[in-house]
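I opened this entry to look up the pockets and cavities. The notes below follow the order in which I checked them.

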Amino acid sequence: MTITQHNASSGVTWAPVAGPRVTRWTDRLDAAGEHTPTPLQGLTVAVVGLGYVGLPTALGLLDAGATVLGIDISEQRLADIRTGSVDLLPAQHAALACTQNTGDFLLTTDVDTLPRADAVIVCVPTPITEDHRPDLRALRAACATVVERAVPGQLIVLTSTSHVGTTRDLLLAPLAARGLTAEQDVLVAFAPERIDPGNERHTPETTPRIVGGAGPVSSRAAAFVLRATASRIHQVSGPETAEMAKLWENIFRAVNIALANELSEACAHLGLAPVEVIDAAATKPYGFMPFYPGPGAGGHCIPCDPYYLLHQLPPGGPSAPVLSTAMTALRERPAQIAAQAAERLRADGRPLDGARVLVLGAAYKPGVSDMRESPALRLLALLAEQGADARYSDCHVPRLTVEGRELRSVTDPHEEPWDLVIVHTVHPGTDLGWLDAVPRVLDTRHRIRPATPAAVR
């Protein structure tokens, strides 16, 4: 397999020139066939972090023939993986079940197994703090652990979303301080994850992957290892370009989700159904991509990633007012929904204080149990603060904690009287027919009931 890499800034095509300690990679790459069913046979790959990104990545590597060391600091997470009690697509669950019959997938908390790996892929979370600042504690710890145990000839690939320069700051510089120079002693690349939990239309294997190596050999090796986990590999000129590309794609989504929420309110005011308007606009075959309104933004990407750029922009330097405004709007969306709930009740002479309010669906998206940054958490807290008897019902989330208070999912919401039901997340197969008997329904996604006509002013 021959891969060259184009440096977009200089227009120069790099020819792979490897140091003596990484020649085993170039030898393997030169001998590899383009369509080998198990191209990673004989390689041991360590996946550090087995969450929503790491576990599907590990399964893809296993399918390509690699022996995988699955490393996670949580014994509970490893136990859940062993029992299959994890969010995965049906095909991924089947693949995980098959690993029980082989010795190719070692689950461990022992980071001292890292030197056994030919390649190490770091897949740890990069959340934000309560004051919306990047939280790099897990990433710094994982990278420090990997650097401390790195051995000559090893390939290290970072996949966690972070600010531009992270790969150089947390991997390349500390490796060099240990005497391990990229392209000579070790190989290093950044290849941002693209995992859409619960979405069978966008599996990792059908999604392109970006790779930005510290040099041409790093890019080539990372592309070789990851190509089995993606539809194709798109190589860029370096780690910083790949880091910015990941931020850019999620910032694009954040801004457009905020815009969809804003325009949906304008539509409702004008007596129009927002989804019908969006679907009509989406018939345009160019220059438009549909985004739909909702209760806010949740998950590991949209509510978090943009802050990794915002906090990297220095005072007095380039600003991002559109992005800043969009993120503020997304943060305030649950409060806007809570205010709409109060207004809906008040219009019927019923105060929010003491009202029985159900939030239908609490996970941040359909088909998963993922509660990370879910708007439902803030929404439930706001409703409770205003005196509502706020409950939730979600078949994927049996219990959750809201500001120190544990709540349990209402199992049969149709059997209880509600003053108001707020439609937050609709999981596949959810029966919504009983909502017809509920006196008030606030559909944050504008898909259950059409917008109430309002006078056009």
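I began with the lining of the largest pocket, which divides into 20 nonpolar, 11 polar and 11 charged residues. I counted Ala, Val, Leu, Ile, Met, Phe, Trp, Tyr, Cys and Pro as nonpolar, Asp, Glu, Lys and Arg as charged, and the others, Gly among them, as polar.

The model is predicted: local features need pLDDT of at least 70, side-chain atom pairs count only at pLDDT 80 or more, and totals for chains, interfaces and linings use all residues. Residues are numbered from 1 along each chain as its sequence is written, and side-chain values use heavy atoms, with hydrogens and water left out.

For the search, on a 1 Å grid over the protein atoms alone, a cavity is a set of points where a 1.4 Å probe fits but cannot get out; a pocket is an open set with protein on both sides within 12 Å along at least five of seven lines; lining residues have an atom within 4 Å of a point. Points are joined across faces, edges and corners, and a volume is the space filled by probe spheres set on them.

I noted about 1,600 Å³ for the largest pocket. Its lining has 42 residues, with Asp 196, Asn 199, Arg 201, Arg 253 and Lys 365 closest to the centre.

The second largest pocket has about 730 Å³. I found 20 lining residues there, and His 132, Glu 373, Ser 374, Leu 377 and Arg 378 lie nearest its centre.

I then found one cavity of 30 Å³ or more. The largest cavity has a volume of about 90 Å³, and its lining includes Val 53, Glu 193 and Arg 209.
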